[in-house]
Amino acid sequence: MKTPRSGDLGFRLVTGAFAVALLAIVAGIGVELYRESVLSIHEFGFKFWITDVWDPVSGQFGARPFIWGTLYSSILALLIAAPISLGIATYLSELCPPLLRQPLIFLTELLAAIPSIVYGLWGIFVLVPLVRKIELLTPASWRQLPLFSGPPIGLGMLSAALILAVMITPFISSLAREVLKQVPRTQREAAYALGATRWEAIRVALAYGRTGIVGAVMLGLGRALGETMAVTMVIGNTPKASWSLFAPQYTMSAVIANEFTEATDKLHLHALIEIGLVLFVITLVVNALSRLLIWSMNRRTVSKSRPK
């Protein structure tokens, strides 16, 4: 029986230590956030999650408008960005002429590298005026609906969702393109051999890589949940939960960025840190649900491939 070499054992121990260190960092972040927000947790309890009032002067704090704004803007952005990203990835991997493929890939990856503050400036000077024009052109009958109510100022949930969609599109499309590149050529060749059209062969490739594509979309959602500067500059920063696309709203990361340096009261500071804890928990839950979704998809795929 062969014994592992000392070099192999050392490498295993070092890489294992890195993995343990990563878990320790995540746990340490959670513990520190809890410890620094304990005053707010003891003062408000679970009501902090479901209360709408945010009044530092009177010492009343509730995170529901910020939780709502974060989830609403991120989900809207994902609904916009996911089909566009999948279209970009499909075109670059399946349909794009070789002469254009590398320049387009470079431009896509360049968009992913642009700092969020630059996106925020673009949002203020380009996107917000465009959204304001859309709001002004909205029929009066539509503006009576809860989804389109609110002042036509351009700053609001629609601007935040659009700028988030622009920011996460290159991220999702790059990951989805890499997934499609890993689909074996035999999958497409088998589809063509059965008389499939090009579109049907692409559908086969998309179905084969659907697990990785779902993972890319969920990573894009995690990116959107934590975005701060660009959203802060265009969402309007009003702590009021609303279904309206035109109404100014607020996100968790935005309120922390805006008020943290001005929080002189200890309870106010602890409430802001608790919002960070809430965002941390939501991010972990979203990632756990995405892993569960991917696991269930893999399980269904394996069960279908087994002979009956």
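Residues are numbered from 1 along each chain as its sequence is written, and side-chain values use heavy atoms, with hydrogens and water left out. Because the model is predicted, local features need pLDDT of at least 70 and side-chain atom pairs count only at pLDDT 80 or more, whereas totals for chains, interfaces and linings use all residues.

Begin by selecting Phe48, Trp54, Phe66, Met252 and Ile275, the residues with the most contacts inside the largest nonpolar core, which has 56 residues. Such a core is a set of buried Ala, Val, Leu, Ile, Met, Phe, Trp, Tyr and Cys residues joined through side-chain atoms within 4.5 Å, where buried means under 20% relative accessible area, exposed over 50% and partly exposed in between (1.4 Å probe, protein chains only). Among the helices (DSSP runs of H or I, at least four residues, numbered from the N terminus), H8 gives this core its largest share, ten residues. Now centre on Ile275, which touches Phe48, Trp54, Ala63, Phe66, Met252, Val255 and Ile256, not counting residues up to four places away in sequence; contact here means heavy atoms within 4.5 Å. Another core, of six residues, lies apart from the largest one and includes Ala89, Ile202, Leu206 and Ile213.

Next, select helix H4 (residues 64-95) together with helix H11 (residues 210-225), whose axes come within 9 Å and cross at roughly 140°. Axes are lines fitted to C-alpha atoms, for helices over the stretch in contact, and angles run from 0 to 180 degrees between N-to-C directions. H4 and H11 are therefore oblique to each other, given that angles under 35 degrees count as roughly parallel, over 145 as roughly antiparallel, 65 to 115 as roughly perpendicular and the rest as oblique. To view the contact itself, show Thr70, Leu71, Ser74, Leu78, Ala82 and Leu86 in H4, which meet Ile213, Val217, Gly220, Leu221, Ala224 and Leu225 in H11.

Ser174 touches Thr108 and Glu109, leaving aside residues up to four places away in sequence, and its C-alpha atom is separated by 8.7 Å from that of Ala216, 42 residues apart along the chain.

Finish at Asn237, in the loop between H12 and H13. Asn237 is partly exposed, with a relative accessible area of 25%, and has a positive phi of about 55° although it is not a glycine. Most residues other than glycine have a negative phi.

Key: Helix = DSSP H or I, 4+ residues; strand = E, 2+ residues; numbered from the N terminus.
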